[in-house]
Amino acid sequence: MAIMGFRETKQRVIQALRTGQFEHEVRANDSISEKNDLYAGRVTVEEVVQMLLACNGRQYKTAPHHQMPCDVHIFSPNHRAARWYVKVYFLSELPADPDLPALETLGYDTIFISVHPSEHA
């Protein structure tokens, strides 16, 4: 798969939000509601869309996922007078695995790891 740039990645995440075709990464220690304000309902889908629309290329980077063989896309927009982190990855960027269901049957590709304000002032 070709490497996506900032604009394509941003549009892909926004499209997933607008269509509801996304999921949240479940963590073994159940910290999902602590670090994922979208999952917990503390921010709305539309607020996250607006954060991403306001985000520029200097507020974006990628880093390896800690447990999966893919990149995490990290957006760091300003929202509510704070720096936020929106971290996602795409299932389609994982190596093919015959033991997993096809993306077409899942109905989503975008996985949110976290959506939260920075812990640093």
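User: Which residue is the bridge partner of Y85 in β6?

Analyst: The bridge partner of Y85 in β6 is H116. Before going further, please note that this is a predicted model, in which local features need pLDDT of at least 70 and side-chain atom pairs count only at pLDDT 80 or more, while totals for chains, interfaces and linings use all residues. Residues are numbered from 1 along each chain as its sequence is written, and side-chain values use heavy atoms, with hydrogens and water left out.

User: OK, and how do β5 and β6 pair?

Analyst: Strand β5 (residues 82–90) pairs with β6 in the antiparallel sense, over seven bridges. Two strands are said to pair if DSSP finds at least two bridges between them, and the elements themselves are DSSP runs numbered from the N terminus, with helices being H or I runs of at least four residues and strands being E runs of at least two.

User: What joins β1 to β6?

Analyst: Strand β1 (residues 22–24) runs parallel to β6 and is joined to it by three bridges, with F22 standing opposite T110.

User: Where is T110, and is it buried or exposed?

Analyst: T110 lies in strand β6, and it is buried, with a relative accessible area of 3%. Buried here means under 20% relative accessible area and exposed means over 50%, with partly exposed in between, using a 1.4 Å probe and protein chains only. Not counting residues up to four places away in sequence, T110 touches R12, A16, Q21, F22, E23, V88, Y89 and F90, where contact means heavy atoms within 4.5 Å.

User: Why is strand β6 described as largely enclosed?

Analyst: Seven of the eight residues of β6 (residues 110–117) are buried, so the strand is largely enclosed by the rest of the structure.

User: Stepping back, how many helices and strands are there?

Analyst: The protein has five helices and six strands, which follow the pattern α-β-α-α-α-β-β-β-β-α-β along the sequence. Of its 121 residues, 41% count as buried. Among the contacts with a separation of 6 or more, 56% are between residues 24 or more positions apart.

User: Which residues have the most contacts inside the largest nonpolar core?

Analyst: They are L17, V48, F75, V86 and F112, in a core of 22 residues. The elements that give two or more residues to this core are α1, α4, β5 and β6, and the largest share, five residues, comes from α1. A nonpolar core is a set of buried Ala, Val, Leu, Ile, Met, Phe, Trp, Tyr and Cys residues joined through side-chain atoms within 4.5 Å. There is also a second, separate core of eight residues, which includes C70, I74, Y89 and I113.

User: What is L17 in contact with?

Analyst: Leaving aside neighbours within four places in sequence, L17 is in contact with F22, L38, V45, V48, V49, L52 and F112.

User: And which residues of α4 are buried?

Analyst: In helix α4 (residues 45–54), the buried residues are E47, V48, V49, M51 and L52. They pack against α1 (6–19), α3 (37–40), β3 (71–75), β4 (78–79), β5 and β6.

User: Changing topic, what is the volume of the largest pocket?

Analyst: The volume is about 390 Å³, taken as the space filled by probe spheres set on grid points that are joined across faces, edges and corners. On a 1 Å grid over the protein atoms alone, a pocket is an open set of points where a 1.4 Å probe fits, with protein on both sides within 12 Å along at least five of seven lines, and lining residues have an atom within 4 Å of a point.

User: Which lining residues lie nearest the centre of the largest pocket?

Analyst: The pocket is lined by 18 residues, of which E25, R27, H65, H66 and I113 lie nearest its centre. The elements that give two or more residues to the lining are β2 (60–64), β3, β5 and β6, and β6 gives the most, with three residues.

User: How are β2 and β3 arranged?

Analyst: They form a hairpin with six residues between them; five bridges join the two strands, which run antiparallel, and K61 stands opposite I74 in β3.
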